[in-house]
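Please walk through this structure from the whole chain down to single residues, keeping the cut-offs behind each term in view.

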Amino acid sequence: MSPFLLTRTLPEDATGAALRADVRHGLTSASKSLPPKWFYDARGSALFEEITTLPEYYPTRAEREILVTRAAEIAEVTGVRTLIELGSGSSEKTRHLIDAMPSLHTYVPVDVSESALTGAANTLLARRPSLDVHALIADFTRGLALPGTPGPRLVAFLGGTIGNLLPTERTAFLSSVRDLLAPGDALLLGTDLVKDESVLVSAYDDAAGVTASFNKNVLAVMNRELEADFDPDAFEHVAVWDREREWIEMRLRSTADQTVKIPALDLAVDFAAGEEMRTEISAKFRQDGVRAELAASGLDLTHWWTDERGRFALSLSAP
Ligand code: AVJ
């Protein structure tokens with residue numbers, strides 16, 4: 001058996017402290033918001049997996065199509081020996097990449113969820129017992145310390161999750177990734193593309209209401225972790241396309257005047273009827289914008305692949 005290592009770079013209570021800080025900051029601001037990372041407890045992660053199977057939610061299928069079609073080419077042009085995957089989750093799509101990478105020596109999945117990491121590592125090791133897996137429990141938006149592994153290294157950030165960051169956060173994030181790369185290394189980035197508003201809005205407001213449940217799950221997370229008393233039935237799911245900034249915004253709209261208590265923060269938060277709190281942005285991209293954002297962080301776009309229907313892109317860039 002090859003080694004499976006699990007390294008925790010987050011202190012045990014880092015998550016709790018970050019949640020408290022984010023909720024206090026987000027709910028005491030003039031326009032209320034919460035960062036999307038708090039959707040993903042066990043139920044939220046399961047709801048997201050369900051979203052990826054919905055007819056309206058095309059990004060996962062479109063990205064998988066590109067990975068299946070291009071995996072051999074990606075392996076060939078990168079000659080990758082270490083694959084580092086940020087926000088690896090279940091690593092389901094990564095399987096296609098790994099299967100096409102005969103020279104791969106080490107896989108470094110990085111995620112905040114320990115259970116996702118061990119589950120994914122077990123599945124991959126069953127398929128490829130000779131692979132070294134060094135999983136990192138880490139928040140990749142807060143600077144990464146990577147294990148010393150053989151190059152060339154490929155950092156993969158899939159799913160379009162970069163779209164959850166604001167433009168200034170994206171630049172900071174891409175620059176920190178750039179700083180991890182040596183000559184010969186590369187970044188593989190998944191970005192959802194700008195398209196018809198109706199297609200975009202449906203993807204974030206599905207007929208079965210799964211995305212609505214996913215959105216409201218952040219209320220359940222605050223109820224459990226902060227002893228808050230949010231009533232999920234007193235909020236409505238909203239998904240809107242911001243055509244200037246080219247991002248989808250998910251919000252929760254209060255259906256009544258109400259006051260929510262958050263004892264762990266010693267806080268009471270007033271919501272007016274109709275008031276909206278932003279829970280996620282999901283930016284959509286164009287090739288020129290991706291190229292410019294990469295360049296601003298010292299990365300050169302070298303390859304651009306889309307699915308047949310041009311809905312989603314994978315780009316390869318190098319320092
Ligand atoms: C996992 C961040 C890529 O933004 O499309 C799905 C999350 N939110 N439906 C996205 C999400 C609503 C998803 N990412």
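Predicted model: local features only at pLDDT ≥ 70, side-chain atom pairs only at ≥ 80, totals over all residues.

Residues are numbered from 1 along each chain as its sequence is written.

The chain contains 9 helices and 13 strands, where helices (H or I, at least four residues) and strands (E, at least two) are DSSP runs numbered from the N terminus. Its radius of gyration is 20 Å, close to the 20 Å that the globule rule gives for 319 residues, so the chain is as compact as a globular protein of that length; the radius is taken over C-alpha atoms, and the rule is 2.2 Å times the number of residues to the power 0.38. Along the principal axes, the C-alpha atoms fill a box of roughly 60 × 45 × 35 Å. Buried residues make up 39% of the 319 residues, a residue being buried if 20 or more other C-beta atoms, placed from the backbone, lie within 10 Å of its own, exposed if 12 or fewer, and partly exposed in between.

Strands of a sheet pair through backbone hydrogen bonds, either parallel or antiparallel. Here two strands pair if DSSP finds at least two bridges between them. Strand β1 and strand β4 (residues 132-137) are parallel and share 5 bridges, and phenylalanine 4 has valine 133 of β4 as its bridge partner. Contact here requires C-beta atoms, placed from the backbone, within 7 Å, while axes are lines fitted to C-alpha atoms, for helices over the stretch in contact, with angles from 0 to 180 degrees between N-to-C directions.

Another open sheet has 3 strands in the antiparallel order β7-β8-β11. Because β7 (235-242) and β11 (276-283) stand at the edges with a single partner strand each, one side of each is left without a neighbour in the sheet. Strand β8 (residues 247-254) is joined to β11 by 7 bridges, and tryptophan 247 is partnered with alanine 283 in β11. Helix α8 (residues 210-226) lies across β7, β8 and β11, at about 115 degrees to β7.

Threonine 306 belongs to strand β12 (residues 300-306) and counts as partly exposed, with 19 C-beta neighbours inside 10 Å. Leaving aside neighbours within four places in sequence, threonine 306 is in contact with Ile66, Phe312 and Ala313.

Which residues surround the ligand? They are Ile51, Pro59, Gly159, Gly160, Thr161, Gly163, Asn164, Tyr204, Thr211, Glu280 and Ser282, each with its C-beta atom, placed from the backbone, within 6 Å of the ligand. This shell divides into 3 nonpolar, 7 polar and 1 charged, where Ala, Val, Leu, Ile, Met, Phe, Trp, Tyr, Cys and Pro count as nonpolar, Asp, Glu, Lys and Arg as charged, and the others, Gly among them, as polar.

Definitions and conventions. Contact = placed C-beta atoms within 7 Å.
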